[in-house]
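Please look at the sequence and the structure together. The paragraphs below go from terms to core, and then to one helix and its charged partners.

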Amino acid sequence: MTVIVAGKVFVDPGIRDRFVEAHRGIVEAARAHPECVDVAISPDLVDPGRVNIFEHFTSEEALEAWRAVSPQPTASFEMRDAEVLKHVIAASGPPFG
């Protein structure tokens, strides 16, 4: 079953871009990891303190294997809030029609 980890974290707007940049190596390594479909850690277009999180792996085992070797961010930042959930998906298909 496919696994998606998705949500949002909130940081001070003044550090958001540095927060995102500190995760660049994690995104690059994840995308190169076997069974990783995609990973994105990106600034929100509307809220200057929000960072959107998206991880897509082929299985829970693949996600756990990634977590075991994932690098750490290059800097540490305080998060004001976080709303991130793991979704286990049994089936997928086109979003329209």
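A residue is called buried under 20% relative accessible area, exposed over 50%, and partly exposed in between, using a 1.4 Å probe and protein chains only. This is a predicted model, in which local features need pLDDT of at least 70 and side-chain atom pairs count only at pLDDT 80 or more, while totals for chains, interfaces and linings use all residues. Residues are numbered from 1 along each chain as its sequence is written, and side-chain values use heavy atoms, with hydrogens and water left out. Helices (H or I, at least four residues) and strands (E, at least two) are DSSP runs, numbered from the N terminus.

Begin with the inside. A nonpolar core is a set of buried Ala, Val, Leu, Ile, Met, Phe, Trp, Tyr and Cys residues joined through side-chain atoms within 4.5 Å. The largest such core has 19 residues, and Val39, Val51 and Phe57 touch the most other members. Two or more residues each come to this core from strands E1 (2-10), E2 (36-43) and E3 (50-57), and from helices H1 (16-22), H2 (24-32) and H3 (60-69). Contact means heavy atoms within 4.5 Å. Leaving out residues up to four places away in sequence, valine 39 touches Val27, Ala30, Arg31, Phe54, Glu55 and Phe57.

Next, turn to H3. Its buried residues are Ala62, Leu63 and Trp66. Seen down the axis of H3, these residues fall within an arc of 100 degrees, so they line one face of the helix; the arc is that of the directions from the helix axis to the C-beta atoms. An α-helix has 3.6 residues a turn, so residues three or four places apart point the same way. Glu61 and Ala68, on the other side of H3, are exposed. The cover over the buried residues of H3 includes E1, H2, E3 and E4.

Which residue of helix H3 is linked to glutamate 55 in strand E3? Glutamate 55 forms a salt bridge (a side-chain nitrogen of Lys or Arg within 4 Å of a carboxyl oxygen of Asp or Glu) with arginine 67, and the closest N and O atoms are 2.9 Å apart. The pair links distant parts of the chain, as glutamate 55 in strand E3 and arginine 67 in helix H3 are 12 residues apart. Glutamate 55 counts as buried because its relative accessible area is 12%, whereas arginine 67, at 39%, is partly exposed.

Lysine 86 also forms a salt bridge, here with glutamate 60, and the closest N and O atoms are 2.9 Å apart. This pair too links distant parts of the chain: lysine 86 is in strand E4, glutamate 60 is in helix H3, and 26 residues separate them. Lysine 86 is partly exposed because its relative accessible area is 44%, and glutamate 60 is partly exposed at 33%. Strand E4 covers residues 81-89. Apart from neighbours within four places in sequence, lysine 86 is in contact with Val3, Ile4, Val5, Glu60 and Leu63.

A further salt bridge joins the side chains of glutamate 21 and arginine 24 (2.7 Å, N to O). Glutamate 21 is partly exposed at 42% relative accessibility, and arginine 24 is partly exposed at 44%. The whole structure has 7 salt bridges.
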